[in-house]
Amino acid sequence: MKKHYPPINLGAPGEEISSKDLHAITQRFKHLNQYRLQSVQNFLQPRQQIFLNLLPLLFHRNHPLLPGFISTDTPCGIPDYSPNKTTILAAKQFSKSYRYTRKALRNYAIEAIFLMGSVGSIAFSKTSDMDIWLCHTDHLSSTEINELQQKAHALEKWAQSLNLEVHFFLMNSEQFRRGENTPISTESSGQTQHYLLLEEFYRTAIYLAGKAPAWWIVPPHQEDNYSGYVDHLLSNRFISKLDVIDFGGLEAVPAEEFISATLWHIYKSLSSPYKSLLKLFLMECYASEYPQPQWVSRSLKKTIYQGEFDIDRLDPYLLIYEKVEEYLHLVASQRRLALSRQCFYLKIMGDSPRSLDPQARSLRENYLQEIARQWRWPEDLLPNFSRHRYWDIHKATEEHAVIRDQLKQCLRMIVRFAGQHVEEDYRDNQDLRLIGRKLHAYLEHKPGKIEIITTRGNVQKKEDELSLIEIDQEHAEPLWHLYCGYVGNPKKENAKPVKEAESLLELLCWIALNGLYQNRVKIHLHSINLNIGPTETQLILDQLLRFFSSHKKSDGEMLEAYHHANQFLASLLFLNLGEALPEAREEGQIIMSERSDPLSYGENRACFVQRIERISLSSWGEVSLARFHDIEGFFHCLTEVFNQSTPPVTSDSLDVICYTPLRAKSIVLRIKVLFNQLIKFFGNQNSNWRYIVPAKSGYYLFTHNAQHLTYRKLATNDLLLRELSATQQQFSPIFFDQHVLSNTFIPFLYAHIAANTIQIFFHATEKYVAIYIIDEKAALFTRQHSDSKPEQVLVDYLVFLQTLIDQTKIAHATKIRIYEIQKNSAGVPSCHAVKIKPQESFMALNIRITTSPTAEPDSPPTIACNERKYSSASADDVFYSTKEHILRFRHGHETYPYHINEIDVSAELLGVEELVQAHSIHYLQYKQKIENRIAASGKN
């Protein structure tokens with residue numbers, strides 16, 4: 001449809017400006033808007049047309065029987081609005097008695113209503129949404145704005161019932177013009193796009209009711225003086241504030257906006273590439289013209305002012321394409337030019353044959369043929385584009401590679417632009433940081449990362465058969481290839497793989513994530529090394545789909561996630577996939593054992609966890625695969641899941657699937673119990689627990705280190721006991737998993753420990769007294785005393801430890817408790833508290849060890865026995881003299897153990913930097929060392 005009007009030339013300030021011309025240009029824009037609105041209505045179904053017909057009336061009056069009613073006090077009223085007959089008839093569908101009476105309102109709460117975005121273009125389709133600017137006055141209170149927002153939400157729900165996706169954006173033009181920005185479109189990235197979205201509004205907006213935009217009456221040659229020109233019109237009363245709504249001009253767009261808009265459209269390209277690539281090219285075009293970009297909206301305005309225009313040629317998407325085509329011709333980029341044409345075609349024709357009815361499809365095909373003729377497209381281009389609906393995964397992956405390269409090129413371009421035009425501190429912009437993180441997460445290639453192709457939604461031709469073949473390679477690990485259809489011999493058939501991967505599971509993840517798997521797909525599988533069949537493969541695919549769907553987040557939630565570090569949302573372990581366990585069988589028979597722990601099974605301590613493959617879905621939308629082997633790899637895998645999962649870590653953070661015949665359930669149960677134990681003991685970031693797990697013939701100790709879960713191997717019982725007796729910085733309780741030191745009392749004793757308490761446990765037999773001391777920081781001291789009476793031994797330790805407390809060598813609040821260990825006839829241990837009172841005879845001899853603070857580490861100590869002191873240049877002389885003195889106190893010179901009562905030595909001799917770091921275990925170990933030296937000195 002062509003329009004013929006005389007040109008309108010509005011003068012600059014100080015020149016002639018005709019009120020008649022101002023009115024005429026406003027009417028031209030309204031006629032263009034009416035045409036666009038009618039095009040939208042023609043596309044909608046009759047029941048959907050009611051929505052647009054009624055929309056202005058619903059915000060002009062509050063009627064309880066009309067959609068969206070909240071209350072009679074909801075802000076309403078649109079200046080210079082009166083419903084037409086079509087609108088009145090639409091209202092009568094909800095209230096037959098509805099009558100509209102004109103009323104003069106003192107205040108109009110709604111300044112104007114506009115549609116914006118693709119809704120007014122030839123690209124509008126069944127899947128398109130509608131962005132609506134609901135522009136309200138500046139004087140509304142927060143309560144009134146909230147009520148207006150409630151009404152907008154109610155109308156969004158009503159539209160949803162009509163199968164329309166509608167988004168209202170409440171707009172205050174005064175605030176917006178001052179730069180107090182809020183998102184004004186579903187295409188908005190938030191705070192970082194103001195002017196560029198305003199430019200999009202000016203070229204795409206459809207006026208529905210209310211005040212006309214002031215931008216209409218600023219002539220093209222005055223765009224760079226927009227604010228001054230509007231002020232001139234207002235101050236000279238050419239126009240009134242009651243007649244226009246002013247969102248501001250585009251005379252000074254900051255360079256930062258081109259960066260933010262480019263990043264945003266790259267971000268949008270990850271889910272709908274062809275829609276966003278054209279806008280990316282437009283941003284690049286604008287950036288190349290900076291600081292004086294030639295706006296598409298200005299071209300639109302210039303055409304309307306000139307008066308000779310074809311309304312069909314003013315389609316917003318066509319205007320974008322024409323500018324992009326001119327730019328790409330100018331820079332001689334034929335590959336990108338072809339891509340821009342493809343984007344334009346797909347935007348108009350849709351990604352699917354179902355997006356348009358036959359009549360609409362025919363009209364748009366004719367439209368594109370005309371465009372192709374005018375722009376001299378190659379003759380085979382449109383037929384090639386039309387075959388888009390028959391894309392298979394081969395074509396989709398090829399196109400994805402092109403798009404990914406283009407996105408990276410756009411990213412490089414905008415980085416160069418930023419270096420030329422943007423201040424360095426702009427990098428701190430919050431929105432840019434979030435979008436930059438998302439782009440990094442999607443575009444970066446990392447080992448183990450499963451690529452999600454941007455074109456997966458364009459695959460219309462789904463495969464009924466898939467072939468997964470393991471290919472042997474000389475001097476390298478085998479590779480897995482994915483083929484469409486049945487492929488028996490890839491070399492003979494000269495078949496081209498769709499995808500290559502290092503493992504079968506990596507291929508299966510790629511298939512599941514990119515929409516290739518469906519229930520009717522037949523799987524053909526050939527493996528060199530794995531014992532797995534097609535049925536099992538389909539089961540794995542089902543499990544992967546359930547895993548991904550159960551943990552998938554919406555786009556809104558996903559963008560919010562970029563405020564935080566990238567962490568695992570959930571992980572899925574596949575154990576022993578396609579592998580047998582040789583340790584589980586002997587001469588064809590399954591080995592059975594009372595020691596049933598899958599991590600340390602039977603007499604040979606076999607580990608049934610051999611091969612681990614972990615699929616993890618991250619908070620930034622990444623899917624990664626990691627492979628581990630044997631028990632070390634398994635524990636490394638578990639700690640990574642624990643440390644990298646989004647807190648709080650729960651049992652839902654990890655799921656396990658095992659394929660080991662006959663043992664799968666027990667293996668899965670063991671791992672889940674183990675993981676839950678890790679959560680129990682280390683879920684608190686300040687946890688001081690130690691957790692000991694048997695694995696193979698050794699043990700593994702789990703601890704928290706700098707708020708991270710770590711583990712280390714203790715290969716033997718001796719190393720484990722050495723760990724238990726190791727000094728600690730703070731109270732550090734221990735949990736022993738099953739089969740750890742199960743033939744000792746130690747796990748039983750640690751179940752009774754308490755903070756700030758030294759616990760002395762003893763077990764007396766005819767031959768010896770076994771002492772177990774768990775000190776105030778949970779360090780273990782053990783010793784057997786032969787030829788000793790329990791009371792004598794206990795008094796010795798009680799006096800020694802109480803002296804440490806009295807001398808404040810350890811915390812004064814520390815308590816001492818004594819327990820006797822007993823076993824019943826079945827060998828089950830128990831313990832009960834006992835009280836020991838030192839008898840005077842036990843205190844007759846006081847043995848005290850001292851050293852000079854300045855003494856060398858190898859210098860012999862001074863030993864005081866009551867009032868007698870022994871010191872010498874030779875340590876052997878000191879110990880022997882002390883021993884001889886002690887024996888004089890014993891009838892018959894008995895050689896039962898020697899006991900030190902008091903220690904006063906340097907920090908270095910105790911093995912600490914400062915004495916305040918020492919706890920009971922330091923003194924007990926030093927005491928034992930000296931007592932052993934005394935016993936071993938000289939001749940018995």
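This is a predicted model: local features need pLDDT of at least 70, side-chain atom pairs count only at pLDDT 80 or more; totals for chains, interfaces and linings use all residues.
Local features need pLDDT of at least 70, side-chain atom pairs count only at pLDDT 80 or more, and totals for chains, interfaces and linings use all residues. Residues are numbered from 1 along each chain as its sequence is written, and side-chain values use heavy atoms, with hydrogens and water left out.

The largest nonpolar core has 148 residues. Such a core is a set of buried Ala, Val, Leu, Ile, Met, Phe, Trp, Tyr and Cys residues joined through side-chain atoms within 4.5 Å. Buried means under 20% relative accessible area, exposed over 50%, partly exposed in between (1.4 Å probe, protein chains only). Phe 247, Phe 344, Leu 544 and Ile 615 have the most contacts inside this core. Its largest share, ten residues, comes from helix 9 (residues 273-289). Helices are DSSP runs (H or I, at least four residues), numbered from the N terminus. A second, separate core of 41 residues includes Ile 50, Leu 54, Val 119 and Ile 206.

Helix 2 (residues 46-60) and helix 4 (residues 142-161) have axes that come within 10 Å and cross at roughly 165°. Axes are lines fitted to C-alpha atoms over the stretch in contact, and angles run from 0 to 180 degrees between N-to-C directions. The two helices are therefore roughly antiparallel (over 145 degrees).

Gly 633 lies in helix 21 (residues 630-644). Its relative accessibility is 12%, so Gly 633 counts as buried. Gly 633 touches Ile 612 and Phe 628, leaving aside residues up to four places away in sequence; contact means heavy atoms within 4.5 Å.

Technical notes. Angles under 35 degrees count as roughly parallel, over 145 as roughly antiparallel, 65 to 115 as roughly perpendicular and the rest as oblique.
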